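Here is a briefing on one protein model. Have the sequence and the 3D view at hand as you read.

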Amino acid sequence: MPVLAATPADRGECAASADKPDVGGAACSRIIDDASEQVAERVKAFKNRGRGSFNGKDYDRAIADYGEAIKLSPQDTSAFAHRCEAYESKEDHDAAIADCTEAIKIDPKYGWAYNNRGVAYYGLHEYDAALADHAEAIGLDSRDVWAYTRHGMAWTEKGEFDQAIADITEAVTIDPKYAFGFGQRGQALFKKRLITKKGGWEPAIADYSEAIKLDPNLVWLYSSRGVAYSNNRQYDLAVPDCSEVITREPKNSGGYNCLGVAYEGLEAYSRAIAAYNQSISINPKNGVAYWNRGNALTALRKIDDAIADYDRAIAINPKDFNSFNSRGKAYVAKGDSNRAVTDFTQAIQFGPSYVEAYNNRGLSNEVLGRRAEAIADFRKAQSIDPADRVSKQQLRLFGF
C-alpha cells in the first residue's frame, strides 16, 4: 500500500507524543515516512517519537530515533543530549558522555547537556568530573534545581556531607515542592549520620517524609526511609515502608534490600540474607545489597563469605568506602591487621570524614605496634567528632 501523506493534524499529535506515545507515535511515523515532508519536520518527528519511547522506557528505540534525527541534522544539540540521556538510562555511561560532549561542543552554553554528562560521570563514580559539569550548569542557570541537587549528590559520594546538604538546601529553597531534592537531602543527612556519627536519623527521616508527601510515586523514597527507620531502631515503621516498595514493584531490588536491613536489625540474620539474595537476584549490580549481606554474614561469623561479598561490592563501586571499612573489619577478625590497615586507608581516602574507619585503622595500628600512627588516627577521629567515645577512650589509654 502507498504511504499515507502526513496531515496538518499529525504535527500536533506528534508534538504531544511524549505524553501519548500510542497516538502521537503513529502521527510521528506518518511524518517520518512522508518523503515530501521538510527535513526539519522529520527531525522533530524522530525526536518526538524518541521522547515517547524514552518515557515508555523503550530506550533502544529512543536511541535509534535520536540517531536518525542526528543523521538528518548533525548539529542538533537536543538530539545528542536526549540520546545521551537514553544511553545513561541503559547505564551505557561512556556512550552517554560521548553524546553529551558532542552537544556541548556544538553549544557550550547548553546546561542540560552538562547535567546529563554529569549524571553519566556519576554513574562511572567519577565524582570530580560530575561536580565540574553540574557547576557549569549552575553557572549557566543559577536557579537550576536539578544541577544543585546532582552537585550535592556528587559531594555526598565524596563524603563531603555539609557541602552536599548546602547544595541541595539551595535546590529546595528555590523550589519548596521539589520532592527529588528533599529525598536527596535525606540521603546526604543519612550518610552523614552513618559515616561521621553526627546528627540523628530523624532529619533524614523528616526529609524522606516530606518528599513522599510531595510525590508519593517516588518509590525509592520508601526504601530509603525504611532503612533510616531501621537504623533508628524503629523496625515497626521500617517493615511497612519496605513492604510498600515490594507491593508496588515486586521486582524492586531496593525494597528487598530495605527489608533485609530491617530483619538484620531484628537479628533475624537468615531472613535478612534471604532478602538480600532476592535483591541481588533482581539487580546483580546492587553493590549496597552485597555490602549489607556481607555484614549479615559477618554477624553469623561467616567471615570468608562476608569478604567475598565485600569484594563484589567494591568491584561494582571501587570507591565504596563502606565496603572497604567492613572488609577491613573482616580481616581483623581473621587476624590480618596489615591487610585490614590497607582497607581502612582506602575507606578513609574515599570517605575523609569516616570516623569509624579512622578508629578501626588506629586500633589495627596499635595491634601492629605503630603507636604514633594509632595516636594520629584517634586524634583525627576526635577532630571530626569530639563526642566519639572510641577515639576519646583510646587517647586516654595513651595518656592524652
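Both Cys242 and Cys258 are buried, where buried means under 20% relative accessible area, exposed means over 50%, and partly exposed lies in between (1.4 Å probe, protein chains only). These two cysteines are joined by a disulfide, with 1.9 Å from S to S. This is a predicted model, in which local features need pLDDT of at least 70, side-chain atom pairs count only at pLDDT 80 or more, and totals for chains, interfaces and linings use all residues. Residues are numbered from 1 along each chain as its sequence is written, and side-chain values use heavy atoms, with hydrogens and water left out.

**Disulfides**

- A disulfide is a pair of cysteine sulfur atoms within 2.5 Å.
- How many disulfides does a search of the whole structure find? The search finds two.
- The link of Cys242 and Cys258 is left-handed, with -60° about the S-S bond.
- Another disulfide joins Cys84 to Cys100, with an S to S distance of 2.1 Å.
- This pair links distant parts of the chain: Cys84 is in helix H5 (residues 77-89), Cys100 is in helix H6 (residues 93-106), and they are 16 residues apart.
- The link of Cys84 and Cys100 is left-handed, at -95° about the S-S bond.
- Are Cys84 and Cys100 buried or exposed? Cys84 is buried, and so is Cys100.

**The whole chain**

- The protein chain has 23 helices and zero strands.
- Helices (H or I, at least four residues) and strands (E, at least two) are DSSP runs, numbered from the N terminus.
- Along the principal axes, the C-alpha atoms fill a box of roughly 90 × 40 × 40 Å.
- The chain has 400 residues, and 54% of them count as buried.
- Look at contacts with a separation of 6 or more: residues 24 or more positions apart account for 48% of them.
- Contact means heavy atoms within 4.5 Å.
- The accessible surface comes to about 18300 Å², and 51% of it belongs to carbon and sulfur atoms.
- Accessible areas come from the Shrake-Rupley method with a 1.4 Å probe; for residues, only the protein chains shown count as cover.

**Charges**

- The chain carries 50 positive and 56 negative side chains.
- Lys and Arg count as positive and Asp and Glu as negative, while His and the chain ends are not counted.
- The centres of the two sets lie 5 Å apart.
- For each charge, the place is taken as NZ of Lys, CZ of Arg, CG of Asp or CD of Glu.

**Aromatic rings**

- A search of the whole structure finds eight aromatic pairs.
- Rings of Phe, Tyr and Trp (its six-membered ring) pair if their centres lie within 6.5 Å; planes under 30 degrees apart count as stacked, over 60 as edge-to-face and the rest as tilted.
- Phe321 and Tyr354 form an edge-to-face pair, at 5.8 Å centre to centre and 75° between the planes.
- This pair links distant parts of the chain, 33 residues apart: Phe321 is in helix H19 (residues 321-333), and Tyr354 is in the loop between helix H20 (337-350) and helix H21 (355-367).
- Both Phe321 and Tyr354 are buried.
- Tyr178, Phe180 and Trp220 form one aromatic cluster.

- Asn116 sits in helix H7 (residues 111-123).
- Asn116 is buried, with a relative accessible area of 5%.
- What does Asn116 touch, not counting residues up to four places away in sequence? Asn116 touches Ala81, Cys84, Glu85, Cys100 and Trp146.
- Ser323 is in helix H19, and counts as buried at 0% relative accessibility.
- Leaving aside neighbours within four places in sequence, Ser323 is in contact with Trp291, Tyr310, Ala313 and Ile314.

**Positive phi in loops**

- Most residues other than glycine have a negative phi.
- Arg233 has a positive phi of about 65°, although it is not a glycine.
- Arg233 is in the loop between helix H13 (220-231) and H14, and counts as exposed at 69% relative accessibility.
- Arg301 is a residue other than glycine with a positive phi, near 65°.
- The place of Arg301 is the loop between helix H17 (287-299) and helix H18 (303-316).
- At 58% relative accessibility, Arg301 counts as exposed.
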